[in-house]
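Biologist: Let us go through the terms one by one. Show me the model first.

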Amino acid sequence: MITLVVLCTQVLWLGPPSVAVSSTGIDYGTVSVGVIIAWMLALWLSGSRQERVIGYGVTEYRRVVAASVQLFGIVAIAAYLTAVDLSRGYFLLSLPLGSLALTTGRALCRRRLARHRRAGSMGTHVVLIGSPDENARVAAELERQPSAGLHVVGVHSVDRVGGSPWSDEQSDRLRRRVDDLGADGVLVTGGAVLDAHDIRRIGWSLDPGRRQLIVAMNLTDVAGPRLHTRPVAGLPLVHVETPRYSRSQQLSKRAFDVVGASLLVVMLSPLLATVALLVRASSPGPVLFRQERVGQGGVPFAMLKFRSMVDGADDALLELLRAQGRSGSPLFKVERDPRITPVGRWLRRHSLDELPQLFNVIAGQMSLVGPRPQRDAEVAFYDDVAHRRLIVRPGMSGLWQVSGRSAISWDDAIRLDLFYVENWSLIGDLIILARTFRAVFAPGDTAH
């Protein structure tokens with residue numbers, strides 16, 4: 001990717017012949033080779049190719065972009081100090097195009113890697129060790145995210161009585177079990193029955209360099225950038241940053257929303273007009289449907305949608321929910337909803353009925369990405385934990401929409417929304433939007 005972008009930038013901006021850099025005896029061909037080698041070295045030094053980084057989370061993308069920006073900062077400073085007059089177009093095109101190409105290439109490779117990991121290959125095979133409850137909890141979390149690449153091949157339950165220390169006999173049994181299962185390492189699932197000395201002895205029993213020792217902390221739904229490790233006096237301290245919503249974060253997210261929504265309205269205006277005509281022709285009633293939803297801080301607002309149901313459909317909702325035995329469910333989803341028009345069914349499947357919410361975003365009532373806004377009756381089901389969804393503006397798309405859409409359970413929806421609220425980042429928003437566009441074009445069986 002780097003070689004392709006740098007050389008193509010040189011040819012497109014400066015022409016096929018390799019011209020000389022002004023006031024020096026060096027040509028741009030030599031400069032391009034140097035940039036390519038330096039860029040590759042910067043990616044390696046940044047740790048973007050580490051096995052524990054590749055394939056999951058946003059850390060990989062952060063390191064790629066950070067290494068690229070730092071490299072070009074060094075090149076710019078070096079050119080200034082040496083009075084080398086590099087072409088600004090060549091310089092300014094290479095950085096954004098190269099960063100975009102690198103992240104796109106990594107995303108494509110990640111999709112292929114995730115498919116292999118879901119099939120059980122290209123991952124780390126681990127044996128869980130801990131109490132039965134801790135093993136069950138960690139196994140459930142890993143099963144929820146198979147693309148993380150940690151595959152459970154065995155469970156070694158420990159039931160300690162009387163606080164007896166970890167013995168050599170137990171280490172031998174664990175080592176034989178790991179060998180028999182062909183595992184790559186051991187994952188300690190908690191500290192209920194194993195203390196620090198036990199974990200150290202478990203590490204001694206593993207083959208150095210061949211087997212990994214992984215320790216799970218009793219922390220869930222905390223993203224990597226909020227975790228920082230620091231050894232102090234032999235203690236591996238883990239600093240967990242509390243969720244912060246600084247003024248700069250709020251301003252950057254709002255600017256991203258306004259610019260992004262405005263550009264989308266301009267680009268999608270022909271589609272908006274076409275959908276409006278289809279809705280008008282599908283059945284009697286208005287083109288737009290306004291529904292009161294609960295926004296940031298619990299403030300209600302009128303959410304806009306293209307009408308996908310017959311006019312007055314809301315009046316029949318409670319009766320349909322009672323008929324299907326779902327009136328006590330927090331997610332008011334009606335199966336095989338008879339109120340939806342044929343055009344509306346197609347709009348919903350591809351999420352095109354949500355497009356008018358771009359105007360809610362511009363008005364400041366919603367965000368491009370965030371927890372989906374819900375009705376008063378659904379918010380009534382919230383407990384103290386779920387109310388944290390209301391800290392941020394609701395979004396047109398969110399983490400649980402791209403993780404399962406209509407098939408996801410209420411508990412999983414709340415868990416994913418809280419993860420988003422407490423671990424927000426601009427890069428995370430961009431990833432969710434990319435997954436949203438993919439879900440629109442290929443909605444799958446869970447879109448209703």
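Modeller: The face of H6 turned away from its buried side carries exposed Asp168, Glu169 and Asp180. This is a predicted model, where local features need pLDDT of at least 70, side-chain atom pairs count only at pLDDT 80 or more, and totals for chains, interfaces and linings use all residues. Numbering runs from 1 along each chain as its sequence is written, and side-chain values use heavy atoms, without hydrogens and water.

Biologist: What makes Asp168, Glu169 and Asp180 exposed?

Modeller: Exposed means over 50% relative accessible area, buried under 20%, partly exposed in between (1.4 Å probe, protein chains only). Those three are therefore over 50%.

Biologist: Which residues of H6 are buried?

Modeller: Gln170, Ser171, Leu174 and Val178. They lie on the same side of H6, because their arc around the axis is only 100 degrees. The arc is taken from the directions from the helix axis to the C-beta atoms.

Biologist: What do the buried residues of H6 pack against?

Modeller: Strands E1 (124-130), E2 (150-157) and E3 (185-188), plus helix H7 (196-205). Contact means heavy atoms within 4.5 Å.

Biologist: How does the reach of H6 compare with the expected span?

Modeller: H6 (168-181) has 14 residues and reaches 20 Å from first C-alpha to last, close to the expected 20 Å. The expected span is 1.5 Å times one less than the number of residues.

Biologist: Why are E7 and E8 called paired?

Modeller: Pairing needs at least two DSSP bridges; E7 (288-294) and E8 have 7, so they pair, in the antiparallel sense. Arg293 stands opposite Phe301 in E8.

Biologist: How much of E8 is buried?

Modeller: In E8 (300-306), 5 of 7 residues are buried, so the strand is mostly covered.

Definitions and conventions:
Helices (H or I, at least four residues) and strands (E, at least two) are DSSP runs, numbered from the N terminus.
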